[in-house]
Amino acid sequence: MVNQNTLDTLRHFAEEREWQKFHSPANLAKSISIEAAELLELYQWTDTADRQEVADELADVLHYCIALARVMDFDLDEILLSKLEKTRLKYPVEHTRGRIAPIE
């Protein structure tokens with residue numbers, strides 16, 4: 001998981017550039033989508049991609065996700081575990097183990 005020092009460093013990076021004024025939820029959501037598309041582009045026409053390029057694009061996605069969570073005052077652990085519980089109920093293991101198809 002991302003430690004507090006890394007979270008503080010990301011916040012400080014934006015603050016010293018005065019970028020937080022651009023970090024509206026809408027702008028950050030758009031940026032997440034754009035960076036995710038750049039990550040996906042690495043796999044366009046292939047099932048393999050350069051590991052460092054994947055790491056760089058994934059870092060961009062995570063950076064914007066963390067910034068959005070901060071702006072929205074979300075606790076990352078809380079929202080991840082809450083969503084996992086919803087998904088657990090939607091896809092019970094006895095019906096979905098080893099299957100990718102939706103429950104019928």
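These legends accompany several close-up views of a predicted model.

**View 1. Helix H1 begins with a capping asparagine.** Asparagine 3 caps the N-terminal end of H1.

View 2. Because the two residues are 4 apart in helix H1, about one helical turn separates arginine 11 from glutamate 15. In total, the structure holds 4 salt bridges.

View 3. Most residues other than glycine have a negative phi. Glutamate 18 is not a glycine, yet its phi is positive, about 55°. This glutamate follows H1 and sits in the loop between H1 and helix H2 (25-41). Aspartate 73 is not a glycine either, and its phi is also positive, about 55°. Its place is the loop between H3 and H4.

**View 4. Helix H4 starts beside aspartate 75.** A side-chain oxygen of aspartate 75 comes within 3.0 Å of the backbone nitrogen of aspartate 77 at the start of H4. From its first C-alpha to its last, H4 reaches 21 Å.

**View 5. The largest pocket draws on H3 and H4.** How much space lies in the largest pocket? The volume is about 280 Å³. Helix H3 (51-71) and H4 are the elements that give two or more residues to its lining. Of the 14 lining residues, Met1, Ile66, Ala69, Leu76 and Leu80 lie nearest the centre of the pocket. H3 supplies the largest share of the lining, with 5 residues.

**View 6. A nonpolar patch lies on the surface.** Which residues form this patch? They are Met1, Val71, Met72, Phe74, Ile79 and Leu80, and together they have about 590 Å² of accessible area. Leucine 80 belongs to helix H4, which covers residues 76-90. Keep an eye on Met1 and Leu80 in this view: both are part of the patch, and both are among the residues nearest the centre of the largest pocket.

Methods: Residues numbered from 1 in each chain as written. Predicted model: local features only at pLDDT ≥ 70, side-chain atom pairs only at ≥ 80, totals over all residues. Heavy atoms only, no water. Patch = residues over 30% accessible without salt bridge, like charges linked within 9 Å, V, L, I, M, F, W, Y side chains within 5 Å. Areas by Shrake-Rupley, 256 points an atom, 1.4 Å probe, with all protein chains shown as cover. Salt bridge = Lys/Arg side-chain N within 4 Å of Asp/Glu carboxyl O. Polar contact = N/O pair within 3.5 Å; in protein donor to acceptor, adjacent residues only side chain to side chain. 1 Å grid on protein atoms, 1.4 Å probe; cavity = no way out; pocket = protein on both sides within 12 Å on 5 of 7 lines; lining within 4 Å. Points joined across faces, edges and corners; volume = space filled by probe spheres on them. Expected span 1.5 Å × (residues − 1).
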